[in-house]
Amino acid sequence: MICLTSLNPIFIWLTKLRYLLLISLLSSMVLYAQEKKSIQIKRIDEKVKVDGVLDENFWSSCEIASDFKQNIPQTGKPSSEKTEVRIAYDDNAIYIGAVLYDDKDSMSLTLSQRDDEGNADWFGVTFDPYNAGTIGFSFNVTSAGVQQDILQQLGSSDENWNAVWQSSVSVMEDKWIAEMKIPFSALRFPKENVQEWGINFIRNIRRHREHSHWNFLDPQGPNFLAQLGVMKGIENIDSPLRLSFTPYVSGYIENYNGTTGYTANGGMDVKYGINDAFTLDVTLIPDFGQVQFDNQVLNLSPFEVRFNERRQFFTEGTELFNKADLFYSRRIGGRPVNSWSVEDQLEENEVVEQNPASTQLLNATKLSGRSKKGLGIGLFNAITATENAILLDTITGESREVETGPLSNYSVFVLDQNLKNNSSVTLTNTNVMRNGHTYDANVTGLETNLFTKGQQYNLSVKGSLSQKYYLDSTSLGHSMLVGVGRSAGKLRYAVSYGESSKTYDRNDLGFQRNNNLRDFSGNIRYNVYTPFWRLIRSWSGIYSSVLFIQETGAFSSWDVDFNVGGTFQNFMTAGLDFGISPVKNRDYFEPRVDGRFYENDESFFMGGFWSSDYSKTFALDGNLGYLWFNENGRFGMDFRFSPRLRISDRMMLILDFRPEYWQNEEGVALGTNGIPFEEEDPIFAKRDRWIVTNTVNYEYTFNNRMGLTFRLRHYWSTVEYNSFYILNEQGQFDPTTYTGLDEDGNSYHNNAFNAFTIDAAYRWVFAPGSELSFVWKNSIFSSSDRVDINYFQNLETLGNNPATNSFSLKILYYIDYWALHQKMFKGKKKD
């Protein structure tokens, strides 16, 4: 039993936080208000050549947007350099001409890949055609002519969104000029004769780390979209037919251990604008073979490792589907649902010859958009093929197939209604239907985020219900979260309560590490946005979380974290982090046996990080941390050292070295296959663990449409088991005679894991939206019991393992139906 007096600090802290919240609600009623700037857009009939010169006659009569103010570092002060922006439109597009005054010798003109501003100065514009503060289309261009486009939504930004637009840059002795053409086909806007759009212009001056805006962006105010200015005068425009096709062809040569294979693929992406607000995206027979390798690790925890989504179809335009955190797109095309049960189906003399680690995606479709009344609608659907494992009879040589992944349909449905003050209410449903006897799954979630006027305070309430449908039964589970806090200003705070039942499971189309918890959390943060002493800005915060088991109410853990940091006048950013677990915590997940827990000692963490000025030729990032336990000889430490060298305006090299060491780490004893030994009482162990990760990133940019990237990653982890124990009912260790060794003295548990990967890619954007890519991928994955050798000795033996080499060429071509139609019928009269 946990002594109640040991929990008194928890309840004292929560009581103080409750009173602080009450006092603030009563005394801090200053609402955010700012007069918005406006600009009149000019309609033109003159033909525009996008060349970065601005020599057309109409530019001289356009209204000028100027007097930019800094967001950082000197918040509210005028921009250090003068900026003048003009804007016009015709029946097909919006044109922007920006004159950005500066001394040429002081400009940062470095090249980078598309969608990466790199280390260059840049200029951008953001449109909110509905002027509702809910959606924004951002278009940026660097002083080297590199494009970046971002889809902005409430609380999120989608940098994977890609639009087709034109830009050109010219550099002079005292200024640089950015000219843009944004076709209406790249935007969504209402069907109204006279319209007012939200708009803002942004300028970044790299050497000053300066972000300035035409309509001042107050860091203490509400979100970015709520602080746009107004564009008036846009009239009588029609939304063009938004229909595009992107067919592709690809070919692969792959070699593994002397065996070579060849494959060829073809498919197409289709994008169709159903109306002014909604877009349909379809991918047919997609090919994701050139996607970067996952960062594989040796996972000793009871929880699944979450990998980033890198497939473009699943990263672009999915912000609505991700809002409720119920959708994890890596489930689609991932490991077959029954792949883990293959060995249970082995008959005498049989072995597993082949067991697919992924499923084939046949097609995927998504429809999303938002009406002029603020209703966002999202529909997503994907179908994956049947997958089979092959079992081989070692005596007869015969093989048979066992289904591991049935034909499956994945769907997501979202309704998201915007309310006053950028509040919202969202309904999300995810569903997985599988052919045959494998269970189906469904999750439904409802949440609302309510803000006061000026978005000073926020109330968030969410809940979801999970359902699994088996042949003879149904499993139900629930999850909920309630939080309230202050979301703007220098002082911000929040308190929340969340819980999930033991049967709650959203992992069929979502991601969830654990369930059966009750979480009482709170935080207080204080930000300083104006310079003082030697700092440009700073932050500090304290966070606390108390966990209980939902089913029984038993105490699980209490953690407190404090951090402080800031950016100095030399643009060095640094911070410190302190964490403490002041009482013995009870881990109910590490034993991997229902109802059992492991009592973890009190601990204290101290760490820090630093990041120097990236505008310099040489920059350095790093961090270090040390974790103490209230037990002799048990600790953990990690270190990161990452130098960045800008060799030229075209070439960048980034190295990253990360060693970690854990002495007398405690956990359940795992076999080399990652599975715990099945005993009546869990077998725990003390173990020493080394983790070393080295990464090399190299980029060479030929021009603003062509570049080469190279990424090498080597991950090495060793686990050496020192002693073994029986976990008793009180969560503590009892001695055991178990040694962890076989008859020959070999360890069942010691493990050394290597993951060596190379991703090298040449990409050429040979036309707007069209691309040629040549990719080389190399990988070595190995596991052994060689924990007696050091890192460098391990490197010498790494090459003895078989490697996979893949070379691929992919060409995709963008076809805009409306542009093609206009080109084909230009000048022709209708009959």
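This report describes the overall build of a predicted protein model and one of its helices, α4.

Residues are numbered from 1 along each chain as its sequence is written. The model is predicted, so local features need pLDDT of at least 70, side-chain atom pairs count only at pLDDT 80 or more, and totals for chains, interfaces and linings use all residues, while side-chain values use heavy atoms, with hydrogens and water left out.

The protein has five helices and 45 strands, taken as DSSP runs (helices H or I, at least four residues; strands E, at least two) and numbered from the N terminus.

| Property of the protein | Value |
|---|---|
| C-alpha box along the principal axes | roughly 90 × 70 × 55 Å |
| Buried residues | 49% of the 831 residues |

Buried means under 20% relative accessible area, exposed over 50%, and partly exposed in between (1.4 Å probe, protein chains only). Among contacts (heavy atoms within 4.5 Å) with a separation of 6 or more, 63% join residues 24 or more positions apart.

Helix α4 spans residues 791–798, and its buried residues are Tyr791, Asn794 and Leu798. These fall within an arc of 55° seen down the axis of α4, so they line one face of the helix; the arc is that of the directions from the helix axis to the C-beta atoms. Phe792 and Glu796 are exposed on the face turned away from the buried side of α4. The cover over the buried residues of α4 includes β39 (683–703), β40 (706–727), β42 (751–767) and β43 (770–784).
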